[in-house]
Amino acid sequence: MPRRTGCLFACLALSGSSGCAERSRGEVAPAERAAAAHASAERAAAAHASAERAAAAHASAERAAAAHASAGLDAARRLALAAPTGAGALDREIQALSRRLERAPGGPDLWSALGHAWIRKARASGDPSLYRNAGACADVALALAEDHRAALNLRGLVLLHDQRLAEARDAAEQVLSRDGGDVVALGTLSDASLELGLFQAAAEAAQRMVDLRPGLPSYARAARLRWLQGDAAGARQLFHLARRAGHPREPEALAWALAQAAMVSWHEGDYEAADRGFAQALAAQGEYAPALAGRARVALARGAWGRAVELLERASRRSPDAEIAWLLGDARAAAGDPAGAAEAYASVVASGRRADRRTLALYYATKGLERDEAVRLAAAERAVRGDIYTEDACAWALYRAGELTEARAASDRALALGTRDARLLYHAGAIRIALGDRKEGERLVRAALDLNPRFDMTGAAEAERILARRRGPRGPAR
């Protein structure tokens with residue numbers, strides 16, 4: 001019987017064709033086996049080619065990622081080694097460290113030291129952009145040693161400044177998992193926990209700092225926590241210990257502690273003591289923006305509008321943040337400069353949108369502006385930051401928007417620690433009055449004015465109007 005070839009291809013092309021039924025098993029089996037083997041070989045070759053393409057693509061992606069990482073590290077090195085502006089001791093320290101790193105490849109210790117110098121420069125100058133230089137140093141150091149302790153601490157401080165609070169807490173806990181006595185990590189953990197609304201965790205970390213290394217950083221944190229709990233006397237004692245533990249070689253840290261202590265006096269309405277404390281902070285660190293703003297608060301309380309404007313303009317040049325701009329707007333308005341006030345208030349909005357949603361939300365709510373936007377900003381901040389001052393901003397924004405039940409709940413959370421802050425007390429009182437609890441509301445408003453009668457130009461004036469029919473004129477500012 002002659003071989004038949006035509007049907008084979010027809011069968012391969014159209015499997016199941018009726019024409020194949022006439023062939024015997026013996027006739028077609030060898031051809032089918034050969035075809036199957038050929039198909040199997042083709043599939044194997046295709047799979048091999050696919051695997052090779054995947055491997056090539058993976059290698060290409062790895063090369064691209066490595067090139068991107070290398071470019072990123074090159075950019076980080078350039079930023080870390082940028083020349084500082086100024087000619088002070090910190091500038092000289094940064095320059096010396098940079099020269100060492102430019103002459104020879106440095107290890108993570110040297111890059112971390114440079115980053116910490118940038119942070120001290122940022123704090124002393126009030127220039128938040130310098131934290132980017134510090135962050136670049138952390139990037140380079142961690143590329144050299146991913147678990148380097150000083151570099152992780154440096155990154156934690158940068159994350160804390162950037163309000164990436166959960167990440168800052170995680171960085172601190174990563175360090176503490178290997179060394180539970182690292183006081184820098186404990187400080188970051190305490191600060192991040194406080195901003196996240198985890199007061200107990202913040203207090204425990206601060207207590208461990210005091211136990212392990214009593215000094216300015218630990219005493220000052222403990223003092224702040226005591227004040228938040230309503231213990232002004234205890235806070236003053238701890239700030240006194242912090243001041244005594246300060247070192248002349250760290251003037252910014254001492255100025256910070258002195259300014260914080262002066263704010264306790266400000267909140268208590270003792271303007272004379274507050275002014276002395278802010279002056280001491282300026283003696284420790286010239287043109288220190290928080291101390292300039294603090295003295296301006298005192299000047300506003302005393303009705304010295306021109307003096308307040310001059311101090312706040314100096315502070316704004318050093319640290320153009322939203323809170324200082326708000327105070328400057330109030331001071332210029334009181335001094336009869338509406339155009340200057342409008343310019344400063346515009347800076348509040350620009351600065352707040354860029355980096356400080358909470359202050360912007362509180363500004364809008366205090367001034368009765370952009371009520372829906374104030375609620376949105378406060379809620380967005382509350383999603384990542386749960387401390388009492390964020391709760392207060394939420395409460396006041398909700399109050400202005402007429403959401404009184406929600407405002408009361410947020411205000412209750414803001415008062416949970418017993419903090420003696422007149423603004424918190426006034427907000428809580430006004431919200432209760434709006435809800436019909438006039439007796440308790442007026443008690444809280446009166447407590448706010450008794451504590452600090454000039455706590456805020458807008459808020460204090462509103463509080464006075466609420467109580468105008470029930471009390472005589474107030475005495476002069478203390």
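Guide: Let's begin with a definition: a residue is buried under 20% relative accessible area, exposed over 50%, and partly exposed in between, using a 1.4 Å probe and protein chains only. At 1% relative accessibility, Trp396 counts as buried.

Visitor: What kind of model is this, and how are residues numbered?

Guide: This is a predicted model, in which local features need pLDDT of at least 70 and side-chain atom pairs count only at pLDDT 80 or more, while totals for chains, interfaces and linings use all residues. Residues are numbered from 1 along each chain as its sequence is written, and side-chain values use heavy atoms, leaving out hydrogens and water.

Visitor: How many helices and strands are there in the protein?

Guide: Helices (H or I, at least four residues) and strands (E, at least two) are DSSP runs, numbered from the N terminus. The protein has 24 helices and 0 strands. Buried residues make up 45% of its 478 residues. If we take contact to mean heavy atoms within 4.5 Å, then among contacts with a separation of 6 or more, 53% come from residues 24 or more positions apart.

Visitor: How many aromatic pairs does a search of the whole structure find?

Guide: A pair of aromatic rings is described by the distance of the centres and the angle of the planes. Rings of Phe, Tyr and Trp (its six-membered ring) pair if their centres lie within 6.5 Å; planes under 30 degrees apart count as stacked, over 60 as edge-to-face and the rest as tilted. The search of the whole structure finds 7 aromatic pairs. One of them, Trp266 with Tyr271, is tilted, at 5.2 Å centre to centre and 35° between the planes. Both Trp266 and Tyr271 are buried. Trp396 and Tyr399 are stacked, with 4.4 Å centre to centre and 15° between the planes. These two are separated by about one helical turn because they are 3 residues apart in helix 20 (residues 388–400). Ring pairs also link Trp326, Tyr345, Tyr363 and Tyr364 into a cluster.

Visitor: Which residues does Glu462 touch, not counting residues up to four places away in sequence?

Guide: With those left out, Glu462 touches Thr366, Trp396, Arg400 and Tyr426. You will find Glu462 in helix 24 (residues 457–467), and it counts as buried because its relative accessibility is 15%. Its side chain also makes a polar contact with the side chain of Tyr426, at 2.6 Å. Such a contact is a pair of N or O atoms within 3.5 Å; within protein, one must be able to donate a hydrogen and the other to accept it, and residues adjacent in sequence count only if both atoms are side-chain atoms.

Visitor: At what angle do helix 9 and helix 10 pack?

Guide: Two packed helices are described by the angle between their axes and the distance between the axes. Axes are lines fitted to C-alpha atoms, for helices over the stretch in contact, and angles run from 0 to 180 degrees between N-to-C directions. Helix 9 (residues 199–212) meets helix 10 (residues 216–228) at about 145°, with the axes 9 Å apart. Residues making the contact include Phe199, Ala206 and Met209 of helix 9, and Tyr219, Ala222 and Leu225 of helix 10. Ala222 lies 9.5 Å from Gly234, C-alpha to C-alpha, and 12 residues from it in sequence. Gly234 belongs to helix 11 (residues 232–245) and is buried, with a relative accessible area of 6%.

Visitor: Where is Gln163 found?

Guide: Gln163 is in the loop between helix 6 (149–161) and helix 7 (165–176). Most residues other than glycine have a negative phi. Phi of Gln163, however, is positive, near 60°. Gln163 is partly exposed, with a relative accessible area of 30%. Glu370 also has a positive phi, near 40°, and sits in the loop between helix 18 (357–367) and helix 19 (371–382).
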